[in-house]
Amino acid sequence: MKKSIIILILLCLAYSVFPQKSSNTAPKFDVADFNKKFETAAWLVEYDFAAWKSTDEVMKQDKKELERLGKEWFCFQDKNRNWHAVYGKLVNDKYDLVFHLTVDKTGKASVIKEKVDEKFLILHSKALETAQNQMQIALKGKDAPKFNQYIKQNADKSFSVWLLPAFQTNGVAVYGAEFVYTIDQNATKILKDESYMQENFRGFQTGNPREIWLNYSETEKPTLGAIFFVWYYKPYFTNI
C-alpha cells in the first residue's frame with residue numbers, strides 16, 4: 001500500500017513537471033516505464049545514502065591510508081542486499097583495496113577486513129572509467145557541475161552506470177543532464193546509451209523550503225534523472 005501511494009504521488013508530480021498536451025493528441029501515460037524508472041531511482045537513493053555514510057567514515061581514517069586512495073571507489077550489495085563500499089585505486093590492472101566498509105540500515109558505516117574478489121573490483125573500476133570517459137565526450141568541454149557515479153553489475157555480467165548531478169557543495173540542487181550507460185562484461189564497451197542532456201544545467205538553492213518547478217517541457221516521459229531529483233530532494237522543498 002505504501003509503495004502504491006508513493007508511486008501515485010510521483011505520478012501526480014510527473015504530470016506537473018511534464019506538461020501534457022491536449023486530450024486529443026496526448027499519448028497515454030506510460031505507467032510501466034515510470035514504475036521501472038522509479039524502482040531504479042529509489043535504488044539509486046539507497047546507494048547514495050550508503051556512499052555518503054561510508055565516505056564520512058573513510059575520512060576519519062589515517063591520513064597515510066587516505067593518500068593511497070584514487071577515484072575508483074563504489075558501493076554494491078551482497079546476496080543479502082546489505083550495502084558495502086570499497087575504496088582504493090586501480091594501478092596497472094591491479095586494484096589496491098584500502099578500505100572495505102559495510103553500511104547498515106541506520107546509516108552506521110563500519111570498516112571491515114573482509115577481502116573482495118580483485119576481478120570484481122577491477123571490472124567495476126574499469127566500467128566506471130569507461131562511463132566517465134563517455135560522459136566527457138558528451139559534455140564537449142561544457143562547464144558542468146560535480147557528478148556522482150553509481151554502478152551495478154547485471155545478471156548477464158554487463159554493467160549499468162548512472163552519472164547524475166551531485167548535491168553541490170554550495171547547497172544547490174542541480175538537474176539538466178543524466179548519463180546512463182550499459183557497458184559490456186569486459187567493462188570497456190558502451191552497449192547502450194540512454195543519456196539525456198538539456199542545453200543548460202539548472203538548479204535551486206536549498207535552505208529555503210518552497211515549491212519549485214522542473215523544466216522538462218521537451219520530453220513526453222519523465223526521465224530517470226527527473227524522478228531521482230524528486231525522490232532525493234523531496235525533504236528540501238515543500239513541493240516539486
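Q: How is a pair of packed helices described, and at what angle do the axes of helix 2 and helix 5 cross?

A: Two packed helices are described by the angle between their axes and by the distance between those axes. In this predicted model, the axes of helix 2 and helix 5 come within 9 Å of each other and cross at roughly 50°.

Q: Which residues of helix 2 and helix 5 meet?

A: From helix 2 come Phe34, Lys37, Phe38, Thr40, Ala41, Ala42, Leu44, Val45 and Asp48, and they meet Leu224, Ile227, Phe228, Trp231 and Tyr232 of helix 5. Sorted by class, this contact has 11 nonpolar residues, one polar residue and two charged residues.

Q: Turning to pockets, what volume does the largest pocket have, and which residues lie nearest its centre?

A: The volume of the largest pocket is about 890 Å³. Its lining consists of 33 residues, and those nearest the centre are Asp48, Ala51, Trp52, Asn148 and Tyr150. Two or more lining residues come from each of helix 2 (31-58), helix 4 (118-139), strand 5 (147-153) and helix 5 (224-233), with helix 2 giving the most, namely nine residues. By class, the lining of the largest pocket holds 19 nonpolar, seven polar and seven charged residues.

Q: How many residues line the second largest pocket, and which element gives the most to that lining?

A: The second largest pocket, with about 560 Å³ of space, is lined by 21 residues, of which Lys36, Thr40, Val180, Glu194 and Leu224 lie nearest the centre. Helix 2, strand 6 (159-165) and strand 7 (172-183) each supply at least two residues of this lining, and helix 2 gives the most, with six. The lining of the second largest pocket has six nonpolar, six polar and nine charged residues.

Definitions and conventions. Residues numbered from 1 in each chain as written. Predicted model: local features only at pLDDT ≥ 70, side-chain atom pairs only at ≥ 80, totals over all residues. Heavy atoms only, no water. 1 Å grid on protein atoms, 1.4 Å probe; cavity = no way out; pocket = protein on both sides within 12 Å on 5 of 7 lines; lining within 4 Å. Points joined across faces, edges and corners; volume = space filled by probe spheres on them. Helix = DSSP H or I, 4+ residues; strand = E, 2+ residues; numbered from the N terminus. Nonpolar A, V, L, I, M, F, W, Y, C, P; charged D, E, K, R; others polar. Axes fitted to C-alpha atoms, helices over the stretch in contact; angles between N-to-C directions. Contact = heavy atoms within 4.5 Å.
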